[in-house]
Amino acid sequence: MKWLACIALFSLLPLAAPAVAGERPEWAFGPEQPAPRRPDDGKLLQAPGSAKFYTQAQIDDPMHPPDWFPDEHPPMPRVAAQGNGTTARAGVAATMINIAKGMTEDEIRTATEYFAGLKVLRWTRVVEADTVPKTYFRGNRRLQLAEGGSEPIGERIIEVPEDPARNALRDPHSGNISYVPVGSLARGAALVATGGSGKTIACGICHGPTLKGLGDVPGIAGQSPLTMARQLYYMQTGERNGAMAALMKAVVAKLGADDMLAISAYVASREP
């Protein structure tokens with residue numbers, strides 16, 4: 001019944017021309033390329049608190065990511081732990097569409113059931129700031145410059161590792177910091193709670209009052225703001241065009257890049 005109510009509400013939204021292509025939130029994307037492999041000297045490395053050891057090549061292997069804390073999750077099915085060995089691997093949001101296309105129905109079902117059963121944990125800490133660390137891209141990841149330095153944040157969200165060294169180990173106990181422009185959380189809160197005087201609709205109507213999801217409607221609280229902004233943009237352009245994404249078309253039609261930034265910043269700041 002909740003989902004039917006959402007459909008009814010969406011049908012009442014006026015159709016509007018989508019934001020122009022120039023309003024793509026470039027800060028949410030970065031270069032779409034694989035991260036270069038680090039040299040491997042064969043030395044065994046260890047994440048803090050783990051009893052496991054891996055070489056750097058094993059850590060960077062896209063088909064066999066390190067499992068530093070196997071006792072903290074149920075036994076993983078092969079497709080969740082290692083992909084299928086060819087077209088599907090464990091992660092990387094920029095290539096998820098192609099990954100999904102390379103999976104069988106059984107692999108999709110097995111992976112989704114496993115991940116749906118895991119407890120959602122906070123991965124990014126949202127901080128309002130006027131300045132941010134100077135960064136560079138390694139593959140499609142933004143990392144702090146080793147020599148330090150800072151720069152104005154501008155109209156961007158800058159997401160970097162809390163601890164670059166632990167990030168290099170793919171340590172699941174060390175997440176990210178998402179720096180957002182000062183004032184963006186308050187603006188995002190207003191858009192999320194009220195729809196911003198007709199610009200969109202209140203997110204809680206379908207995603208629940210705490211944005212943790214209702215029924216088939218996914219939880220969005222605490223998600224990476226970069227992921228959120230990309231999905232809003234993809235739904236606006238039609239690059240995400242499944243049945244549920246189609247219902248979001250009118251919801252995102254009037255959003256500009258500044259709106260996507262504010263909404264993504266606020267949603268990311270909520271407890272998952």
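User: Which strands does α7 lie across?
Analyst: In this predicted model, α7 lies across β1 and β7. Relative to β1, α7 runs at about 110°.

User: And how many bridges join β1 to β7?
Analyst: Five bridges join them, with β1 and β7 (residues 176-180) running parallel. As one example, Val127 has Tyr179 in β7 as its bridge partner.

User: Nice. What's the strand order in that sheet?
Analyst: The order is β1-β7-β6, an open sheet of three strands with mixed pairing. From one strand to the next, the twist averages 25°.

User: Switching to the inside: which residues touch the most other members of the largest nonpolar core?
Analyst: Those are Trp27, Ile157, Val192, Leu211, Ile263 and Val267, in a core of 32 residues.

User: Which helices supply at least two residues each?
Analyst: α7 (184-194), α9 (225-237), α11 (249-252) and α12 (257-269) do. The largest share is from α12, with eight residues.

User: Let's zoom in on Val192. What does Val192 touch?
Analyst: Leaving out residues up to four places away in sequence, Val192 touches Ala202, Cys203, Gly204, Leu211, Ile263, Tyr266 and Val267.

Definitions and conventions:
Residues are numbered from 1 along each chain as its sequence is written. This is a predicted model: local features need pLDDT of at least 70, side-chain atom pairs count only at pLDDT 80 or more; totals for chains, interfaces and linings use all residues. Side-chain values use heavy atoms; hydrogens and water are left out. A nonpolar core is a set of buried Ala, Val, Leu, Ile, Met, Phe, Trp, Tyr and Cys residues joined through side-chain atoms within 4.5 Å. Buried means under 20% relative accessible area, exposed over 50%, partly exposed in between (1.4 Å probe, protein chains only). Helices (H or I, at least four residues) and strands (E, at least two) are DSSP runs, numbered from the N terminus. Contact means heavy atoms within 4.5 Å. Two strands pair if DSSP finds at least two bridges between them. Axes are lines fitted to C-alpha atoms, for helices over the stretch in contact, and angles run from 0 to 180 degrees between N-to-C directions.
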